[in-house]
Amino acid sequence: MSTSRKKSSPKLYTVLLLCFLLLHTLVTSLAAFIASPYYLFVKKMPLDKMIRYFIWLYGKGYVRCTRFFIPASLSWEGENPFPLQAPSIVVMNHYSILDLYYLGVLRHDGDIVFVTQRRPFLIKLYAPFMSMAKYIDMRTGDFSSCLEQCKEHLNNGSKILFFPEAGRSRDGTLQPFKSAPFLVATECNVPVIPFCISGTEILLPAGAKYITPTNISLRILQPLYPEQYSGDFPHRVLKKMVHKQMKRALETQKRVLREAQ
């Protein structure tokens, strides 16, 4: 009997999570619609920043409501980093379609622009909000187009989030990084903030149909500044250093999670 219960648990948790996400999306959308006049006309917040703020609140609601069976912890190097330095480039490793929800653990950081591949823009539930938030679709143009959009957001004081692996890791290891986020950082002379997530490779890895409840660990590393790196290709040196630091941090996070189970 216990074996049968264990086998059915992932399906049950998945159904519960999907029902929650649907209800959470509807409730948050309604609340955002009601509150939007205040943010637009009283606080004078631009439409795209307002939508990004509501999306951050949506993630925060997800983290708080699921913490009873998917607890998430946040730590950081050095002093309290909140709000995150802006403008800046945030780089995050990528295991699961649920990774972005965990940006909700960040405090006072509702203005983050996502740079994504085209697939998320094709999800009908999310596509309108992503377009209104002026998220950057890497497959709609070349790097020069991405760079111009990034410059505009950075000049407005926003943070830009990249998945430098350009896709989900399918074996739970940190994949080689693409150069785009580090080129943007060096071109715009803004810091790179590494953001490490561990646990979602168990929760819902690439290709999985059902979730497996587990602990999620998130860690913010110290910013790295492009002016500290020189040579013909400083962005490559910066990329290598960020990869090295994130790999070391993720190994530590995974070890701590294993010991806690």
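Which residues of the largest nonpolar core touch the most other members? Hi everyone, let's start there, and please keep in mind that this is a predicted model.

The largest nonpolar core has 67 residues, and those touching the most other members are Y62, I89, Y102, L106, F162, F195 and V242. Helix 2, residues 47-66, gives this core its largest share, with 7 residues. As general background, nonpolar side chains in soluble globular proteins tend to be buried together.

Let's look at Y62 for a moment. Leaving out residues up to four places away in sequence, Y62 touches L17, F20, L21, H24, I70, L98, Y101, Y102 and L203. Y102 is also on that list of core residues touching the most other members.

Helix 5 (residues 180-188) and helix 7 (residues 234-260) have axes that come within 9 Å and cross at roughly 125°. The crossing is right-handed. Helix 5 contributes F182, L183, A185 and T186 to the contact, while helix 7 contributes H235, L238, K239 and V242. By class, that contact has 5 nonpolar, 2 polar and 1 charged residues.

Now for the other partner of helix 5. The axis of helix 4, residues 143-155, comes within 10 Å of the helix 5 axis, crossing at roughly 55°. Helix 4 is therefore oblique to helix 5, and this crossing is right-handed. Here F143, L147, C150, K151 and L154 of helix 4 meet A180, L183, V184, E187 and C188 of helix 5. This contact has 8 nonpolar residues, no polar ones and 2 charged.

Thanks, everyone!

Note on methods. Residues are numbered from 1 along each chain as its sequence is written. This is a predicted model: local features need pLDDT of at least 70, side-chain atom pairs count only at pLDDT 80 or more; totals for chains, interfaces and linings use all residues. Side-chain values use heavy atoms; hydrogens and water are left out. Axes are lines fitted to C-alpha atoms, for helices over the stretch in contact, and angles run from 0 to 180 degrees between N-to-C directions. Helices (H or I, at least four residues) and strands (E, at least two) are DSSP runs, numbered from the N terminus. A crossing is left-handed if the near helix is turned anticlockwise from the far one by less than a right angle, and right-handed if clockwise. Contact means heavy atoms within 4.5 Å. Ala, Val, Leu, Ile, Met, Phe, Trp, Tyr, Cys and Pro count as nonpolar, Asp, Glu, Lys and Arg as charged, and the others, Gly among them, as polar. A nonpolar core is a set of buried Ala, Val, Leu, Ile, Met, Phe, Trp, Tyr and Cys residues joined through side-chain atoms within 4.5 Å. Buried means under 20% relative accessible area, exposed over 50%, partly exposed in between (1.4 Å probe, protein chains only). Angles under 35 degrees count as roughly parallel, over 145 as roughly antiparallel, 65 to 115 as roughly perpendicular and the rest as oblique.
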